[in-house]
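User: I would like to learn how side-chain features are read from a model such as this one. Could you take me through them one at a time?

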Amino acid sequence: MRHPYNRTVRFCYKGDLRRSRPKSSLPITNGRFRMRAKTDEKRNAIIEAALAVFEEVGYQRASMAMISARLGGSKATLYGYFQSKELLFATAVTSALEEAGDETMAALASEGDIASVLRRYGRLYLDLVTRPEILAILRTVLSEGQNSTLGREVYALGPQRGITGLTEFLKARAAAGEIDLASPEVAAQHFKGLLEAGVTEPRLFGLTDIRDKREAVDTAVAAFMRIYGRS
């Protein structure tokens, strides 16, 4: 999985730096920017190492010592960025979910009739929620979420984000006369349920010889259009 923090660091200036500061201050300012970039790179490396450890051994068995060993640094450095394993896990998980969901949500803005867009979205969605690393995250959150705010944070960036985006998409398509529905949010929940039926839950329990994802998407879209489509 491409790590969510692998992004170019950008800095924005207000006004002309050469006018606002004397020339002698420029090397110091640039040095601060370089330091910030290095800090971000270190933080990204920590999160990437943490995700690998959490996926390999699980949240309970993972330790800050294991993560620092994977990173090749000291625990003191690790604690300088993240005060606890829970905070590091929450940051890594929410960042991974946010980035991973971007492509899936973007499918709702693609061109095509409603069935084609839903089919495209459905395939990306099932590919996302059945990734081994995402399933590992969900299992951990289900067991640990009740002990912290982690469950709410992950739900907001995962399921709730998907439902919100799908609701807005269906609302717009209903306004265009492509479908007929009383509640866009309920319809979004229905489509999510149709997609996941026989696919997501078995995989959460470790089953592999289960329903084909492509067939599940085609069936879900066909059923949804029979319920909400306009003939």
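**Aromatic pairs and salt bridges**

Analyst: Let us begin with the rings: six aromatic pairs are counted here, where rings of Phe, Tyr and Trp (its six-membered ring) pair if their centres lie within 6.5 Å, and planes under 30 degrees apart count as stacked, over 60 as edge-to-face and the rest as tilted. The model is a predicted one, in which local features need pLDDT of at least 70 and side-chain atom pairs count only at pLDDT 80 or more, while totals for chains, interfaces and linings use all residues. Residues are numbered from 1 along each chain as its sequence is written, and side-chain values use heavy atoms, with hydrogens and water left out.

User: What is the geometry of the pair formed by the rings of F54 and F89?

Analyst: A pair of aromatic rings is described by the distance of the centres and the angle of the planes. For F54 and F89 the centres are 4.8 Å apart and the planes stand at 85°, so this pair is edge-to-face. Because F54 belongs to helix α2 (residues 26–61) and F89 to helix α5, the pair ties together parts that are 35 residues apart in sequence; helices here are DSSP runs (H or I, at least four residues), as strands are (E, at least two), numbered from the N terminus.

User: Is F54 buried or exposed, and which residues does F54 contact beyond its sequence neighbours?

Analyst: Buried means under 20% relative accessible area, exposed over 50%, and partly exposed in between (1.4 Å probe, protein chains only). With a relative accessibility of 7%, F54 counts as buried, and F89 is buried as well. Once neighbours within four places in sequence are set aside, F54 is in contact (heavy atoms within 4.5 Å) with Y59, A62, I67, K85 and F89. Ring pairs also link F54, Y59 and F89 into a cluster.

User: Where does K85 lie relative to the ring of Y59?

Analyst: A charge sits over a ring if NZ of Lys or CZ of Arg is within 6 Å of the ring centre and within 35 degrees of the ring normal. K85 lies over the face of Y59, at 4.3 Å from the ring centre.

User: How many salt bridges are found, and why does the one between R161 and D102 tie together separate parts of the chain?

Analyst: A salt bridge is a side-chain nitrogen of Lys or Arg within 4 Å of a carboxyl oxygen of Asp or Glu, and a search of the whole structure finds nine of them. In the bridge between R161 and D102, the closest N and O atoms are 2.6 Å apart. R161 lies in helix α9 (residues 159–175) and D102 in helix α5 (residues 85–106), so the pair ties together parts that are 59 residues apart in sequence. R161 is partly exposed at 26% relative accessibility, and D102 is also partly exposed, at 36%.

User: What separates K171 and E168 along helix α9?

Analyst: K171 and E168 form a salt bridge with an N to O distance of 3.5 Å; because they are three residues apart in helix α9, about one helical turn separates them. K171 is partly exposed at 43% relative accessibility, and E168 is partly exposed at 44%.
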